[in-house]
Amino acid sequence: MTQDDAFAADLLRGHTDTIVLGVLRRGDRYGFEIYKTIRDATGGDHEIKEATLYATYRRLEKDGLVESYWGDETQGGRRKYYRITDAGRAVYRSKVAAWVATRRIIDSLLDVKEQQ
């Protein structure tokens with residue numbers, strides 16, 4: 001991992017809750033499925049450790065932003081699914097708006113347009 005990769009990973013780590021809510025916004029998913037969705041969406045450039053994700057699921061559920069239920073699996077073990085709540089959707093929208101505003105400010109301060 002380069003220093004740039006570590007910096008990017010630190011930035012992304014602060015948005016894990018929003019990333020998970022964003023995945024669940026598109027439909028209910030089980031834990032490992034969320035992990036794979038995030039990994040695949042970045043072409044494998046970003047993975048969130050499963051331990052971090054399961055802590056995130058517990059925190060989001062405790063805060064009422066997601067709900068969980070056990071699915072009926074015909075093959076293999078039962079899977080615990082997660083579903084975003086209305087409160088979770090509201091928090092997701094708020095976090096995305098904050099991200100867009102922050103990105104605009106950072107881009108201005110770093111004068112990103114001249115470097116592209």
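I began with helix α2 and found that 7 of its 10 residues are buried, so the helix is largely enclosed by the rest of the structure. I take buried to mean under 20% relative accessible area, exposed to mean over 50%, and partly exposed to mean in between, with a 1.4 Å probe and protein chains only. This is a predicted model, in which local features need pLDDT of at least 70 and side-chain atom pairs count only at pLDDT 80 or more, while totals for chains, interfaces and linings use all residues. Residues are numbered from 1 along each chain as its sequence is written, and side-chain values use heavy atoms, with hydrogens and water left out.

**Entry: helix α2**

I listed the buried residues of α2 as Thr16, Thr18, Val20, Leu21, Gly22, Val23 and Leu24. I then looked up Thr18, which lies in this helix (residues 16-25) and is buried with a relative accessible area of 15%. Which residues does Thr18 contact, leaving aside its neighbours within four places in sequence? I found Tyr92, Lys95 and Val96, where contact means heavy atoms within 4.5 Å. Just after α2, I noted that Gly27 takes a positive phi of about 150°.

**Entry: the chain as a whole**

I counted 6 helices and 3 strands in the chain, and from the N terminus on I read the elements as α-α-β-α-α-β-β-α-α. Here helices (H or I, at least four residues) and strands (E, at least two) are DSSP runs, numbered from the N terminus. Along its principal axes the C-alpha trace spans about 55 × 30 × 20 Å, and buried residues make up 26% of the 116 residues. Of the contacts with a separation of 6 or more, 44% come from residues 24 or more positions apart. The chain exposes about 8200 Å², of which carbon and sulfur atoms supply 50%; accessible areas come from the Shrake-Rupley method with a 1.4 Å probe, and for residues only the protein chains shown count as cover.

**Entry: the sheet**

In what order do the 3 strands stand in the open sheet? I read the order as β1-β3-β2, with antiparallel pairing. β1 (29-30) and β2 (66-70) stand at the edges, each with a single partner strand, so one side of each is left without a neighbour in the sheet. Two strands are taken to pair if DSSP finds at least two bridges between them, and I found 5 bridges joining β2 to β3 (residues 80-84). Among the bridge partners, I noted Lys80 in β3 for Trp70. Helix α4 (residues 50-62) lies across β2 and β3, and runs at about 110° to β2; for this angle, axes are lines fitted to C-alpha atoms, for helices over the stretch in contact, and angles run from 0 to 180 degrees between N-to-C directions.

**Entry: salt bridges**

I counted 5 salt bridges, each being a side-chain nitrogen of Lys or Arg within 4 Å of a carboxyl oxygen of Asp or Glu. One of them joins Arg83 and Asp28 at 3.5 Å, N to O.

In helix α1 (residues 3-13), Arg13 and Asp10 are 3 residues apart, which separates them by about one helical turn. Their salt bridge has its closest N and O atoms 2.4 Å apart, and Asp10 is partly exposed at 48%. A further salt bridge brings together the side chains of Arg39 and Asp40 (3.2 Å, N to O), with Arg39 partly exposed at 24%.

Which residues form the nonpolar patch on the surface? I noted Ile105, Ile106, Leu109 and Leu110, with about 420 Å² of accessible area together. Patches are made of residues with over 30% relative accessible area and no salt bridge, with like charges joined within 9 Å and nonpolar side chains (Val, Leu, Ile, Met, Phe, Trp, Tyr) within 5 Å. Leu110 sits in the loop between α5 (86-109) and α6 (112-115) and counts as exposed at 53% relative accessibility.

Lastly I looked up Ala101, which lies in helix α5 and is partly exposed with a relative accessible area of 25%. Ala101 and Asp4 are 97 residues apart in sequence and 23 Å apart in space, C-alpha to C-alpha.
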